[in-house]
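Student: Could you take me slowly through the place where the ligand sits, and then show me how the rest of the protein is arranged?

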Amino acid sequence: MNILFICGPNLNLLGEREKEIYGEKSFEEINIILEKEAQKMGVNLEIFQSNHEGNIIDKIQESRGSVDGIIINPGAYTHYSLAIRDALKVVKAPIIEVHLSNIYSREEFRHHSVIAPVCWGQIAGLGYQGYILALQAFLMRGKNEP
Ligand code: DQA
């Protein structure tokens, strides 16, 4: 199973950025944990981070036909990038939107996701564990579990 994990703007600064909201772990530390988890699950995981909307769109377009699932944390693009939403809509594979923080308990402008309607599901507020749960969800889906 090939899973692409896409991280949007400012997520490269985890561990430094608003630690009380996003946690102590750095982006690199989280990636190491995810790579280990994916290996245990027998999943091929590609991790991609960009601070640029166009690069994220290019990556989504390139993944067409070659991935079995996408995990995306679009960062602030969650709340307004119709271009990322349109790109995801073209992908046939299921998509899970993940947020480290509970976007619904934060500022009102974070309560709305323009990405969620084109996703299979959404996980928010569980920290980096949400990414691991998303991997597990793809595995279970693959085995036709509900
Ligand atoms: C975030 C939530 C967004 O509102 C914010 O802009 C981020 C991170 C999260 O993971 O909780 O950059 O996507």
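Tutor: An oxygen atom of the ligand lies 2.8 Å from an N or O atom in the side chain of N73, a polar contact, the term for a pair of N or O atoms within 3.5 Å (within protein, one must be able to donate a hydrogen and the other to accept it, and residues adjacent in sequence count only if both atoms are side-chain atoms). The side chain of H99 has an N or O atom 2.8 Å from an oxygen atom of the ligand, and for the side chain of R110 the corresponding distance to a ligand oxygen atom is 2.9 Å. Taken alone, the ligand exposes 330 Å², of which the protein buries 99%, with accessible areas from the Shrake-Rupley method and a 1.4 Å probe. The residues around the ligand, counted when a heavy atom lies within 4 Å of it, include R17, Y22, G75, A76 and H79.

This is a predicted model, in which local features need pLDDT of at least 70 and side-chain atom pairs count only at pLDDT 80 or more, while totals for chains, interfaces and linings use all residues. Residues are numbered from 1 along each chain as its sequence is written, and side-chain values use heavy atoms, leaving out hydrogens and water.

The five strands form an open, parallel sheet in the order β2-β1-β3-β4-β5, where two strands pair if DSSP finds at least two bridges between them. Because β2 (44-49) and β5 (121-124) stand at the edges with a single partner strand each, one side of each is left without a neighbour in the sheet. Strand β1 (residues 2-7) pairs with β2 in the parallel sense over six bridges, and L4 stands opposite E46 in β2. Helix α3 (residues 53-62) packs on the sheet and touches β1, β2 and β3 (69-73), contact meaning heavy atoms within 4.5 Å.

Notes. Helices (H or I, at least four residues) and strands (E, at least two) are DSSP runs, numbered from the N terminus. Axes are lines fitted to C-alpha atoms, for helices over the stretch in contact, and angles run from 0 to 180 degrees between N-to-C directions.
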